[in-house]
Amino acid sequence: PYFEKQNAHIKKAYKVGYAACGDETCCVWTGGEGLYDWNKCPHLTFNEDKPDPYSLMTKTTCDAQSGVMVFAEPMKRKEDNPHIQYNSQYGVTTGTTIRMCDPLAEQNAVIGIDGWFGGVKTLVALWVEKKVFSVCQVKTNSALAAVKEMKEICPQKQGGFVTAEAKVRS
C-alpha cells in the first residue's frame with residue numbers, strides 16, 4: 001500500500017518535465033522474508049550479478065531534469081502478480097513498464113529505458129496506452145524486432161547501433 005499511495009500523491013503534486021528515466025533499483029534487505037507479515041519483505045529478489053545478490057528490487061521512474069523519483073513499484077515473482085494492471089494483456093515486463101510511465105501519460109514526454117524494458121511490443125504499448133515516446137535499446141530477441149534489417153544496416157556484432165523511427169497506427 002505504501003508505494004501505491006506514494007505514487008498517487010506524487011502524480012497529483014508533481015508534474016514531470018519533458019524527459020524521464022526508468023530503471024530498476026536494488027536495496028539490500030537484511031530483515032526477514034514473509035508474504036503476509038508487514039514487518040517483513042514480501043519477496044527477496046536474487047540477482048547473482050549484483051554485489052549483494054538478495055535485495056528488494058523496485059522498478060522506478062525519475063524526472064530527468066530534477067532527479068525526483070515519480071514512480072516506484074516493488075518487484076515480485078512473475079507468478080505473484082498477473083492480476084496487476086496491464087500484466088494479463090501485455091505480460092509482466094511490458095505491464096511494469098507501462099505502469100512506470102503513468103506519471104508521464106498524455107504529456108508528450110519521453111522516457112529513456114535500458115534493454116530490460118526494450119522490446120518492440122513494449123515501445124508500441126507505451127505509445128498506445130500512455131502516449132509516451134521512448135528511447136531505448138531494443139532487444140534483438142523481441143518478436144517484432146527487424147533483426148535482419150538491423151544487421152544489414154549495422155553488421156557489427158557488438159558495439160554497433162541503429163537509429164530507427166517507427167510510426168504506430170492506433
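Reader: Start with glutamine 107. Setting aside neighbours within four places in sequence, what is glutamine 107 in contact with?
Author: Lys15, Val16 and Gly17. Contact means heavy atoms within 4.5 Å.

Reader: Where is glutamine 107 found?
Author: In the loop between α3 and β5. Helices (H or I, at least four residues) and strands (E, at least two) are DSSP runs, numbered from the N terminus.

Reader: What should I know about the model itself?
Author: This is a predicted model, where local features need pLDDT of at least 70, side-chain atom pairs count only at pLDDT 80 or more, and totals for chains, interfaces and linings use all residues. Residues are numbered from 1 along each chain as its sequence is written, and side-chain values use heavy atoms, with hydrogens and water left out.

Reader: Back to glutamine 107. How accessible is glutamine 107?
Author: Its relative accessibility is 26%, so glutamine 107 counts as partly exposed. The scale goes like this: buried is under 20% relative accessible area, exposed is over 50%, and partly exposed is in between (1.4 Å probe, protein chains only).

Reader: How far apart are glutamine 107 and phenylalanine 133 in space?
Author: 9.8 Å, C-alpha to C-alpha. In sequence they are 26 residues apart.

Reader: What about glutamate 106? Is it buried or exposed?
Author: Exposed, with a relative accessible area of 60%. Glutamate 106 lies in the loop between α3 and β5. Its phi is positive, about 60°, although it is not a glycine.

Reader: Which residue after α4 has a positive phi?
Author: Lysine 131, which follows α4. Its phi is about 55°, and it is not a glycine either. Lysine 131 is in the loop between α4 and β6. Its relative accessible area is 25%, so lysine 131 is partly exposed.

Reader: Big picture now. How many helices and strands are there?
Author: Five helices and six strands. From the N terminus on, the order is α-β-β-β-β-α-α-β-α-β-α. The chain has 170 residues, and 34% of them are buried.

Reader: What share of contacts join residues at least 24 apart?
Author: 54%, among contacts between residues at least 6 apart in sequence.

Reader: Give me an example of two residues meeting across the chain.
Author: Take alanine 19 and alanine 109. They are 90 residues apart along the chain, yet their C-alpha atoms are separated by 5.5 Å. Alanine 19 is in strand β1 (residues 19-28). It is buried, at 11% relative accessible area. Beyond neighbours within four places in sequence, alanine 19 contacts Asp63, Ala64 and Val110.

Reader: Next, helix α3. How many of its residues are buried?
Author: Nine of nine. Among them are Val92, Gly95, Ile98, Arg99 and Met100.

Reader: And in α4, which residues are buried?
Author: Val120, Thr122, Ala125, Leu126 and Lys130, in a helix that spans residues 120-130. What covers them includes α2 (87-90), α3 (92-100), β5 (110-113) and β6 (133-136).

Reader: At what angle do α3 and α4 pack?
Author: About 40°, with their axes 9 Å apart. That makes α3 oblique to α4. Axes are lines fitted to C-alpha atoms, for helices over the stretch in contact, and angles run from 0 to 180 degrees between N-to-C directions. Under 35 degrees is roughly parallel, over 145 roughly antiparallel, 65 to 115 roughly perpendicular, and the rest oblique.

Reader: Which residues make that contact?
Author: Thr94, Thr97 and Ile98 from α3, and Lys121, Thr122, Ala125, Leu126, Glu129 and Lys130 from α4.

Reader: Last topic, lysine 59. Is lysine 59 buried or exposed?
Author: Buried, at 2% relative accessibility. Lysine 59 is in strand β3 (residues 54-63). Not counting residues up to four places away in sequence, lysine 59 touches several residues, including Asp23, Glu24, Glu73, Trp116 and Phe117.

Reader: And what does cysteine 101 touch?
Author: Ile111, Leu126, Lys130 and Val132, again not counting residues up to four places away in sequence.
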